[in-house]
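Dear colleague,

I am handing over the structure we spoke about, and below it you will find my notes on what came out of it. Please read them beside the model.

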Amino acid sequence: MAIIKVKNLSKTFKVKLKEKGLKGSLKSIVKPRYKTIHAVKNISFEVDKGEMIAFIGPNGAGKSTTIKMLTGILYPDKGDIKVLDINPKYERKTLAYNIGTVFGQKEQLWTHLTPYDNFKFFGAIYDIPESRVESKIKELSMLFELEEFINTPVRNLSLGQRIRCEIVASLIHEPKILFLDEPTIGLDPVVKGNIRTLIKRMNKEFKTTIFLTSHDVSDIEKLCKRVIIINNGKIVLDDDMTNLKYNYLNKKIVEAKMKEKVNLDDEDGITIIKDKGYNLKIEVDTKKRSVADAIKLLNPDNIIDINISNVPLEEIISSIYKERDVK
Amino acid sequence: MLTVVKNQCRISFLSIKYALMREMLNKTTFITNVIFMVLNNASFIIQWIVLYSLRNDIGGYTFRQVLLLWGMASGTYGVAHFFFKKAFSLSDIINNGKLDSFLVQPKNVLLSVIVSDVETSALGDMLYGFIMLIIYGITPYTLILYCLFIICGGLILTSISVILSSLSFWFSKTDMIAETGNNLMVNFATYPDGIFKGLVKALLFTFIPVGITTFIPVHVITEFNINLFIIVILVTVIFITLAFLIFFRGLKRYSSSNLMVARI
Amino acid sequence: MRKYLFIYKSELMSNLQYVFNVFAGFIGYFILMVIFLNLWKYVYSNPDEIINGYSMNQMIWYVIVTEILWSSLSGRSFCNKISEDVRSGNIAYNINKPYNYILYSLMSHLGSRTICFIMYVIFGMLVGFIFLGSFPTLSILSIIAVLISSIFAFIISTLLITFIGLFSFVIEDSAPFYWVYSKLILVLGTIFPIEYFPKFIRPILTFSPIYVVSYGPAKLFVDFSWNNFIFIFIAQIIYIIIAYMLCFVTYKKGVKKLNVNGG
């Protein structure tokens, strides 16, 4: 059963252009110039109940604009949205009772209050009876392991602890859908992993549908079963995570700095991207050859420095485009 | 419907309470801010002492009435800026996409935003207002009228700021208009209406309704007049209604943080 | 000396782009003038009346001039800048630089306010002319004298505010001191000339900074006499020397204290 239905959704913004310097500001006052930006162009998709869906794309792709339209913050220009059969455009408040939101870059908590007082405040915002708020706080602080600092003012907490509190605050009213906009932005890898585990646990416990945006591929890899990739306001891919992994996330980039020159040629599963003698950059197709194998080929004794990374999201997107062209 | 209103009031009071608690974290700063504002307002008495040494009445006001006028002006300002501080930086909130977190809450957006912070020094303005009322002559009758009028005046000041700031939904760079409007309301409020004539006087009872927020209340407290009293209440209701109508009309054009200026 | 002129010039150029912000200030200035026009029209029962030696037109011109000097000064942000320099310890870095911190901040502030000052003068004269239909009678030479005393008033204000800002060496927040100073000038120095106050206060006001930073230039503008000019001019010179010494001593002592504490 689909609980989010989006059909032919579009949104444009008029952005004022400003030229540099005194002459520029003079000009922009007398005769402002605008540029129309199509942030979201005619997109359609559906999300089922209990799903954990990832909505990814590079910065400025239209992720945030879409999530803001789904949550009732922005009015769409064209198209239909139904979230839990509610139209965010007309019934913002009704919708708000039923969804939770966490915006990684914007804090909703009062920093001088303790997480506990904050949760009570959010309980009051959602008109939840006192006794139910108490039991909910207990339940959630156990699940998210907040007991240690639930009575410490938020301003004294680490970024990771704060995000956990933000998520709990948005769950007080037992929303049916949780929107997470870049929840792990600015966090270190260990904390990121921690947050992911907790989100996963919550999804299992409460069967909450999760709509997650990120520009970090690994966020999604670990969390979601389905992924929608958006670029330039259009949906590029709407597919199962396993498919995406099989086709695009199986490649690793290995960059190595060597003591001695190595002579390496393209082999099955290995593509050389850059070869400057001592500095080497190769792409390993893990379907065909393990990363360990590839390193062995380089002669591990000669490696001064090595860096293994995922293929950047931008490249995955461009390879998706390339494939389409071939087809 | 009634529970909705009750819950909305509850959350607004809670929000003001928490914001006040935040201001009181540093007790010394808090108290200094309040006291300095009282002294600040009091320093202007010198101006009136000099003026009343030249003439016995200025604009038809006695010296005592001028004190009441000051009490009225700082009281209305205090109410508006203490309880509804964010109404006075609403342009900035709209322009920088800071309405987002209020829009995902199941409460009235405008109300939630404007009560989300308090101005400490405005407490000093309110305090000064009551001191002036005491000097003027406090009775249960003047106290009730005074409280009622500063609430009405505060609501009008807030509504004006909301209306002018809401222009930011339609046009850029309108924060200056809101600022000017707010300044006009403050600057004229501390001078007796009798000194103004013609066009300026007409403006003060229409487009710059200082007449409604301060001048009429002073007259009504001095000498009760039921018609003038009703006018103040009526104008307050009209301004509040307009503020909500215009803000929510504009909200449909809200563009979050997407309306940034692109540099080329 | 050349390097201070350079500092002045570069501040002047970089502030050209903020010209529009000055227009916003004009509105507030204009409102104030409308109020005072109405107030003095009420207090003066007929335009020919003389109160405490001033006609109605002179009273309005007086407040026009004092408000020009005050509005274009932008003292609060300058005071904050100095205290911020002290509190952040930035001031300690300036010790090794080949210029004098006091002169540096004086010249950079003058540079950043020059355009604003000129615009306020033009606007203020325009407002006065529209309201009153005439200018006070002044010869070319006396206009120059008024300008000189205005510039000196500006310099003294800047130095005094620098001195207040440097208080941050002693007390963490110098804002309350600035507040007291600004109240003093605004309440006692911009609305009424010294002659309006009771006899026993007048000598105090004459020796206070009010005489040199606001009363002096305004008095000369509305009622010029070379006699007055010489008095005001000498007082201003003395004030510049005193204010500079105060700044210099506070700065030296403060920096020493900062170095002992290890910055």
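Read along the sequence, chain C follows the pattern α-α-α-α-α-α-α-α-α-α-α, where helices (H or I, at least four residues) and strands (E, at least two) are DSSP runs numbered from the N terminus. The radius of gyration of chain C, taken over C-alpha atoms, is 19 Å, close to the 18 Å that the globule rule (2.2 Å times the number of residues to the power 0.38) gives for 263 residues, so chain C is as compact as a globular protein of that length.

Before going further, please keep in mind that this is a predicted model, in which local features need pLDDT of at least 70 and side-chain atom pairs count only at pLDDT 80 or more, whereas totals for chains, interfaces and linings use all residues. Residues are numbered from 1 along each chain as its sequence is written, chains are lettered from A and ligands numbered from 1 in the order in which they are written, and side-chain values use heavy atoms, with hydrogens and water left out.

Chain C as a whole

The C-alpha trace of chain C spans about 65 × 45 × 30 Å along its principal axes. Of its 263 residues, 54% count as buried, which is to say under 20% relative accessible area, with exposed meaning over 50% and partly exposed in between (1.4 Å probe, protein chains only). Where contacts (heavy atoms within 4.5 Å) join residues of chain C with a separation of 6 or more, 81% of them are between residues 24 or more positions apart. The accessible surface, from the Shrake-Rupley method with a 1.4 Å probe and, for residues, only the protein chains shown counting as cover, comes to about 12400 Å² for chain C, and 69% of that belongs to carbon and sulfur atoms. Chain C carries 17 positive and 10 negative side chains, and the centres of the two sets lie 11 Å apart; Lys and Arg count as positive and Asp and Glu as negative, while His and the chain ends are not counted, and each charge is placed at NZ of Lys, CZ of Arg, CG of Asp or CD of Glu.

Chain B as a whole

Among contacts in chain B between residues at least 6 apart in sequence, 78% join residues at least 24 apart. The accessible surface is about 11600 Å², with 71% from carbon and sulfur atoms, and the mean positions of the 18 positive and 11 negative charges are 8 Å apart.

Aromatic rings

Over all chains, a search of the whole structure finds 56 aromatic pairs, a pair being rings of Phe, Tyr and Trp (its six-membered ring) with centres within 6.5 Å, stacked if the planes are under 30 degrees apart, edge-to-face if over 60 and tilted for the rest. The rings of C:Tyr99 and C:Tyr104 have centres 4.8 Å apart and planes at 15°, so this pair is stacked. C:Tyr99 is partly exposed at 21% relative accessible area, and C:Tyr104 is likewise partly exposed, at 28%. Ring pairs also link a cluster whose members include C:Trp40, C:Tyr44, C:Phe192 and C:Tyr215.

In helix α2 (residues 63-70) of chain A, seven of the eight residues are buried, among them A:Ile67, A:Met69 and A:Leu70. This helix is followed by A:Gly72, whose phi is positive, near 90°.

Helix α4 (residues 115-125) of chain A has eight of its 11 residues buried, so it is largely enclosed by the rest of the structure. Its buried residues, including A:Phe119, A:Phe121 and A:Phe122, pack against α5 (130-143) and α6 (159-169) of chain A together with α1 (2-23) of chain B. Just after α4(A), A:Asp127 takes a positive phi of about 55°.

Best wishes
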